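Dear colleague,

Please find below the structure that I am handing over to you. My notes on its helices and core follow directly after it.

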Amino acid sequence: MATLCENIKNLSSAASFEPIDPQECLKYRNPGPNTAYLWPVDENELTRLQKVFDEESIDLAGTWVTRPRENCPSCGKREEFMDHVYTAAKTGVHGVSFMKAFITHEIPAVGTGGGRHDLVCSHCDSIGGEPCEWDYNESYMDFHSDKK
Ligand SMILES: [Zn+2]
């Protein structure tokens, strides 16, 4: 049986290599040392997350992270929420069941951070930029709240 990491690699997509929209990097909140930046989840990534977690419908428009997402310095893939899932599965910094509960909103999006940690690229397994973590105040944004 394929591991979660293998599943994520098998689902990898050319869409993950599209350039990061500079506009998205302007979406942030809490200016100052606790600034959180939006990492949008697009349709392509959402479809992959649903497959990885065997969920028919996930309402996740993006997550708030302590730095803007960047391109992987080794392979050029843009960082995604999927890399957080991959890192959790690979390093154990978060439990996989926690990740699923997080994105399916079974647990509140508040106070779910595990401290800043390296992010492992799900395409090439190298460590990306600065260690990061989710915003402690509210870690994700769903499509519903995005439309408010
Ligand atoms: Zn990479």
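Helix α4 and its surroundings

The buried residues of α4 pack against α2 (43-52) and α3 (81-91). The model is a predicted one, in which local features need pLDDT of at least 70 and side-chain atom pairs count only at pLDDT 80 or more, while totals for chains, interfaces and linings use all residues. Residues are numbered from 1 along each chain as its sequence is written.

Helix α4 spans residues 96-103, and its buried residues are M99, F102 and I103. A residue counts as buried if 20 or more other C-beta atoms, placed from the backbone, lie within 10 Å of its own. Helices are DSSP runs of H or I with at least four residues, strands are runs of E with at least two, and both are numbered from the N terminus. Just after α4, H105 takes a positive phi of about 65°.

In α2, the buried residues are E45, R48, L49 and V52. Their arc around the axis is only 100°, which puts them on the same side of α2. Among the elements that cover them are α1 (4-10), α3 and α4. Just after α2, D54 has a positive phi of about 55°.

The axes of α2 and α3 come within 10 Å and cross at roughly 25°; these axes are lines fitted to C-alpha atoms over the stretch in contact, with angles running from 0 to 180 degrees between N-to-C directions. The two helices, α2 and α3, are therefore roughly parallel to each other, a term used for angles under 35 degrees. E45, R48, L49 and V52 of α2 meet F81, M82 and V85 of α3 in this contact, where contact requires C-beta atoms, placed from the backbone, within 7 Å.

The largest nonpolar core

A nonpolar core is a set of buried Ala, Val, Leu, Ile, Met, Phe, Trp, Tyr and Cys residues joined through C-beta atoms within 7 Å. The largest one has 28 residues, of which Y37, W64, V65, M82, V85 and Y86 touch the most other members. Two or more residues each come from β2 (36-40), α2, β3 (62-65), α3, α4 and β4 (140-141), and α3 gives the most, with six residues.

Yours sincerely

Notes
A residue is buried if 20 or more other C-beta atoms lie within 10 Å of its own, exposed if 12 or fewer, and partly exposed in between; C-beta atoms are placed from the backbone. Two residues are in contact if their C-beta atoms, placed from the backbone, lie within 7 Å. Angles under 35 degrees count as roughly parallel, over 145 as roughly antiparallel, 65 to 115 as roughly perpendicular and the rest as oblique. The arc is that of the directions from the helix axis to the C-beta atoms.
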